[in-house]
Amino acid sequence: MKNLLPSTLATVWILAAPACVTDAAQQTAKMPEGISINADAKLMADFTAKVDDYLKLRKSLEGKSAVPIKNTADPKELLSSQKALGAQVRAARAAARRGDFFTPATQAQFRRLLAPPLKGSDGTENKIAITDDAPEAKDIPFQVNAEYPRDESLSTVPPDVLRALPQLPPDIQYRFAGRHLILYDAKANVIVDFMLNALPPLPAVEKK
Amino acid sequence: MRTRQSSLALLAVLSLLTADIFAQDLTLPNKSGTLKFAVIGDSGTGDSNQYRLAKVFMDIRQKFPYEFVIMVGDNMYGSQSTQDYVKKFERPYKPALDQGIKFYAALGNHDQPNQAMYKLFNMGGKRFYTFRPRAGVRFFALDSNYMDKEQLDWLQKELEASGSDWKIPFFHHPLYSSGGTHGSDTALRDQLEPLFVKNSVDVVFSGHDHFYERIKPQKGIQYFVSGGAGKVRKGDLQDEGLMAKGFDAGYHFMLLEIDGDQMHFQVISDFGKTIDSGVILRNRNQSKTTPGAGDPAVVTVPKPIPAGAKPSTATKQP
């Protein structure tokens with residue numbers, strides 16, 4: 001039964017969210033003041049829609065790149081094509097700001113979603129799994145559009161935690177640095193947005 | 001100058017000693033027509049230890065012609081510039097690469113995701129993938145850093161479709177490990193083990209902990225931790241009942257040979273000594289729907305360590 005109920009609820013919630021967006025807005029308008037049962041679903045649907053928009057942009061840039069990312073045996077080509085894509089993303093998102101994805105309301109919702117998989121003995125295991133591999137916060141540039149440092153490890157994100165959060169499309173990932181959550185574009189190696197103190201205080205783990 | 005000459009002399013003696021050990025030491029059947037492969041993990045430091053083990057690893061291929069290598073992650077530590085790909089992978093394994101030996105990589109926590117696009121890692125641009133080197137044997141490379149729904153769904157589908165093949169997943173984080181620093185990843189185990197049991201997985205290779213460990217079969221599955229091809233964490237094995245054999249005193253790699261329903265293994269240290277060897281016997285008739293009940297689906301029979309070799313046992317250091 002480990003985390004079954006919260007996970008199931010989160011899954012149902014997330015699966016239901018996109019279909020509910022239009023209805024949610026209509027129903028919320030009809031609700032008595034102070035009652036907005038679908039407001040949280042709408043928040044998550046908005047978040048997912050923004051991620052989808054980002055992905056569309058990134059894919060369109062890939063199509064225009066002079067150095068397209070492709071399978072190659074040449075490490076120089078591999079790195080230069082990723083850097084070129086990262087530069088294109090930065091140029092196209094020059095106006096992007098912290099909180100575009102993680103709005104204050106979305107942050108509050110993410111903290112609520114992250115709480116169940118981090119509770120109890122299973123939660124301790126999940127926290128250890130995150131801390132074990134995550135880079136220290138001081139080693140990561142917390143800036144929208146920044147390049148993720150190529151000499152830093154990437155945190156493990158436990159399956160329980162991934163199940164609790166809105167599902168992301170391939171190549172867009174959640175990662176942690178210290179207690180902070182990063183929305184990471186693995187293909188362009190770009191920090192899309194971030195959320196400070198997403199996690200409660202974590203156990204100290206000896207750094208390897 | 002004298003120091004340099006002494007070092008060269010010592011290296012020459014070590015090389016001869018190593019060659020001599022190999023001549024005596026191969027415990028694998030080494031039959032023609034069998035599937036031969038190797039496993040390395042946590043290799044990508046680019047330092048002299050990686051190169052020293054790589055030399056042994058390359059040399060033994062003259063005796064045991066493994067066809068491909070699986071890499072269980074942390075293929076590159078630290079920076080991953082163009083030069084790092086050369087220093088931490090292409091140069092140490094050049095003899096094998098030159099002979100067309102394929103390396104199949106899984107991503108570790110130190111690996112940048114774009115390694116999936118690096119042709120010499122044979123990942124086909126994907127962070128998880130499967131390959132079937134020959135009829136009856138299928139490998140599944142997983143990204144244990146990020147076990148999301150997409151990957152779990154894919155794995156379930158691929159395992160179901162793989163029929164009666166040997167099913168061999170490999171990934172970075174061990175589901176079972178006696179490592180004092182990392183140890184078993186129980187959160188990951190909760191997700192993967194039910195799939196492995198349900199779909200009759202036979203053998204699993206992981207790394208992350210910087211030593212060698214053969215786990216006692218768990219629910220009919222043989223797990224190996226092989227994370228010592230570039231780093232070693234001496235004294236980190238802290239057996240609490242999981243370990244069948246362990247080695248944390250030096251670097252190592254694994255050699256494997258599949259012959260029908262038998263998988264032979266031999267684990268070799270940086271000084272060419274055999275750390276562990278044995279055979280995994282697969283019981284095709286064993287149903288794994290009732291894990292923990294009845295006879296195990298795999299039985300691992302260790303072979304005696306050749307004379308002169310001194311495997312390390314788990315010792316807790318103060």
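I call a residue buried if 20 or more other C-beta atoms lie within 10 Å of its own, exposed if 12 or fewer, and partly exposed in between, with C-beta atoms placed from the backbone. Helices (H or I, at least four residues) and strands (E, at least two) are DSSP runs, numbered from the N terminus.

**Ground rules.** I'm working with a predicted model, in which local features need pLDDT of at least 70, side-chain atom pairs count only at pLDDT 80 or more, and totals for chains, interfaces and linings use all residues. Residues are numbered from 1 along each chain as its sequence is written, and chains are lettered from A and ligands numbered from 1 in the order in which they are written.

**Confidence.** I noted ipTM 0.82 and pTM 0.85 for the model.

**Chain A, quick look.** I get six helices and three strands, in the order α-α-α-α-α-α-β-β-β from the N terminus. Of its 208 residues, 39% count as buried.

**Helix 5 of chain B.** I checked the length of this helix, residues 149–161: its 13 residues should span 18 Å at 1.5 Å a residue, and the end C-alpha atoms are 18 Å apart, so the two agree. The expected span here is 1.5 Å times one less than the number of residues.

Which residues of helix 5 of chain B are buried? I find Q151(B), L155(B) and L159(B). They cover an arc of only 60 degrees around the axis, so they sit on the same side of helix 5 of chain B; the arc is that of the directions from the helix axis to the C-beta atoms. The buried residues pack against strand 5 (137–141), strand 6 (166–170) and helix 6 (186–198) of chain B. On the face turned away from the buried side I see D153(B), K157(B), E160(B) and A161(B), which are exposed. Just after the helix, G163(B) takes a positive phi of about 55 degrees.

**Where the chains meet.** I have 32 residues from chain B and 34 residues from chain A in the contact. Helix 3 (82–90), helix 5 and helix 6 of chain B each give two or more residues to the chain B side, and helix 6 gives the most, with five residues.

Conventions. Contact = placed C-beta atoms within 7 Å.
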